[in-house]
Amino acid sequence: MISKLVLAVAVIVLMLAPLGQSETEFFKAFENSYELMGSELATKPPAEIAEISNFVYVKDVATFTFTEGKMYLLREVEGRPTTAIFLGTGHATIDIPSHTERQSLWYAAGDSTVDETFETVMINFSDDFDLRLREQFTFEQTHLPWGDFRKSQQGEFFFKPVVMHEYDNYFQLLRSLYERAEDGYFWIDFNRYTFTFDPNRPEEVIVGYEHEGGDQVCTNGAVMQRREKGVYDDLRMSDIQYPTTILSREGNLTMTGLDGQVIEAADIEVNIQIDVDSLKFMNLYLHHNLKLDSLYCDGVPVDYWRRRTFAFLGVILPEYRYKGDTITLRLFYHGKDYNPALPFVENPKPSPHKLTFDIPKGYTYLMPDMVAEESENGKREKFTVAPSQPYRKWQFHQYAGGFETIPVVSEVGMTLNFLKSQHQSKGRQNCFIPDEYYRTTVTGAFDFLCSKLGPPVGTFSMTIYPEFGKTMPGLMGVSQVECYQDGTGGLPMDAAWMAAFQWFGSLMRPQTDREYWLSDAVPDYLSLMNVSSAVSPSVFFGELLRRRNEVYTLVENDEDWPLAAGRRVPALNRRMKGSWVIHMLRYMMYDLETHNEAKFYQFLNELKIRANMGQYTNESLMKLAEKHYGAPLDWFWAHWIYGRNIPEYKVEYTMEKRADGHYLTANVTTKKVESSFKMPVVIRVEDTEGNSTYHREMIEGLSDTFEIGPLQTEPKEMIFNEFASVLSKDDVDKK
């Protein structure tokens, strides 16, 4: 089994052979050090060894106690080791001070803290770990024996950069090494856990866990900022200082290929602001299918490090730059099957774009704000794109076969240009949606959203293309070849989901990725609302309950995750659970007496403006919801955005007649949530004459009682959780 793993790692290393510009002596040394980090320990490399006991090492929120055993130090760079292997007995404790991240770690590891004994530990470091060891113990020269390598190799496997890593661990360790300090890079593998302290990430502390045995990477359970920053309150988790901000992106893209989708040559300038005290090593991202040919900083060629199939790009600036400085990176690259087409950084702040496209003549390209198309010769054309709105990631859609345009004026007076592709008109494949139904349904979905949200920001006409692609302002991709199962929302749901991205899509400005759930949740819920209007309320609730069952499954498998964990939460999970959050807010704002929903739509309209016209956080979203709800909502956010699991209600109720009327008394037991949990539940009471009255009861804690009355007519039954007002499991018994 060991030999198979070593072989697999070797294959991965070969596939991910690094790419760099070896222009300087510094870079040549860096390259050698990088290769050393990946050297195979099975070759009995030189090492130092010491018998150690009762050695305690504290790294931010983690404490590692090496009770007794032998410690190897090896892989020296700049005269200091970068790797350590411990074999013996020890103990690790990690206290997660953030409520959100305790909940997040629970998903990954099944516990909210770490309290583990260990026997084998693998460490990669560029901090003072070795110096602290040498203060207490004497090391002797030796070689790492094969038997001890076999005990330690699993940690090596997790540390080696692989495709699923967002960062290149070797690059991150080495950049810290060249600025070697007490708070430098530290990574440790013990049992199924990993702990990372990386001073060059926006959030420096990561607790990972091998969620499923045999995973190539550990799941990042808890991610947070270093202890001294004190950013642990749920509402402050979005207070992240990113190292860089993109100020603008502009340049030229030459397109080619049979489908016109290949970037033959890209010449892109990215203006970047430095937001940390000093910076020499910089992280940049470029889709892994785009091959970088060369890179310049302010007109000077610079060294960079990139592994094949990695989006991560490590840039080594010629000299240190400081907070407030701006630099211009110029990238030359090419490739195909990419998404997106331009470089980006960790910071999600959007930036202006100005691009010139050189394209094959006759090819159709779809993107917002295309202007000044001109023919350069008989075979090529050029056009420029300068959107009035900033984007974080720029995307576009093309189709080489050409389109026929069918304009349809919607009820709100907007023109929807339906593009009918030639290859689809030649024959109607299985599941082809007839033109009349397709155009009517898409127009109806768009009109429904306009009636609730007003016209999209800055958009005066729409283009609808009938195949899958990226939806952007002014562009909607709604498939005309789609198979729908009975009982689903069908095309009305799909069309409204894509249309909703005109209001809640690529122009949204989350402050961090902890707000990403909103861009999945709101379009999904708006698509359900359109189904209720265009098809029937029963299908709406059927789809909503289907999403509830998806969340049930996650909870039952102990795989629910706080939405505020950001992109760590799988997109489908964000969509399903996030849609329910919007639904619950809707019925918390719902007027039970008049059945008026004005508050909810006012909330959505202000949210549309807030999300598209300025950066927003989970906290600002909460304050906006509180404004329309009319009371604090910290209890709601604590569970549904920053917490996990769903409540299980056990309800037993009785009915009795008293002197002044009829009364209904209910006892509610709540499970699977914290004792501080509370939630308003809509109750419908139906009387013996078939009439209903609606009530809203705040159910608090793990046990609660409420009474409804006096009622003037005799009640027949109580419907607990009417309108599915709470995402919950309900067991209701009449006594």
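Helices here are DSSP runs of H or I with at least four residues, numbered from the N terminus. The structure is a predicted model.

The side chain of Ser 519 reaches back to the backbone oxygen of Tyr 516, at 2.9 Å. Leaving aside residues up to four places away in sequence, Ser 519 touches Phe 501, Phe 504 and Met 508.

Ser 410 sits in a loop, between β24 (403-409) and β25 (415-421).

Is Ser 410 buried or exposed? Ser 410 has a relative accessible area of 4%, and because buried means under 20%, Ser 410 counts as buried. Met 122 is in strand β5 (residues 114-125). The relative accessible area of Met 122 is 1%, so Met 122 is buried under that cut-off of 20%. The C-alpha atom of Met 122 is separated by 9.0 Å from that of Leu 87, a residue 35 positions apart from Met 122 along the chain.

| Residue | Location | Relative accessible area |
|---|---|---|
| Ser 410 | loop between β24 (403-409) and β25 (415-421) | 4% |
| Met 122 | strand β5 (residues 114-125) | 1% |

**An open sheet**

Eight strands form an open sheet with mixed pairing, in the order β15-β14-β18-β12-β11-β19-β22-β21. Its edge strands, β15 (300-301) and β21 (370-375), each pair on one side only. Within the sheet, β12 (residues 262-274) and β18 (residues 326-335) are antiparallel and pair over nine bridges. Which residue of β18 is the bridge partner of Gln 273? The partner is Thr 326. In general, strands of a sheet pair through backbone hydrogen bonds, either parallel or antiparallel.

**The second largest pocket**

The volume of the second largest pocket is about 510 Å³. Two elements give two or more residues each to the lining of this pocket: α6 (169-177) and β13 (278-285). Of these, β13 gives the most, with four residues. The lining of the second largest pocket comprises 21 residues, and those nearest its centre are Pro 199, Asn 200, Arg 226, Val 276 and Ser 278. How many residues of each class are in the lining of the second largest pocket? Nine are charged, seven are nonpolar and five are polar.

Conventions:
Residues are numbered from 1 along each chain as its sequence is written. This is a predicted model: local features need pLDDT of at least 70, side-chain atom pairs count only at pLDDT 80 or more; totals for chains, interfaces and linings use all residues. Side-chain values use heavy atoms; hydrogens and water are left out. A polar contact is a pair of N or O atoms within 3.5 Å; within protein, one must be able to donate a hydrogen and the other to accept it, and residues adjacent in sequence count only if both atoms are side-chain atoms. Contact means heavy atoms within 4.5 Å. Buried means under 20% relative accessible area, exposed over 50%, partly exposed in between (1.4 Å probe, protein chains only). Two strands pair if DSSP finds at least two bridges between them. On a 1 Å grid over the protein atoms alone, a cavity is a set of points where a 1.4 Å probe fits but cannot get out, and a pocket is an open set with protein on both sides within 12 Å along at least five of seven lines; lining residues have an atom within 4 Å of a point. Grid points are joined across faces, edges and corners, and a volume is the space filled by probe spheres set on the points. Ala, Val, Leu, Ile, Met, Phe, Trp, Tyr, Cys and Pro count as nonpolar, Asp, Glu, Lys and Arg as charged, and the others, Gly among them, as polar.
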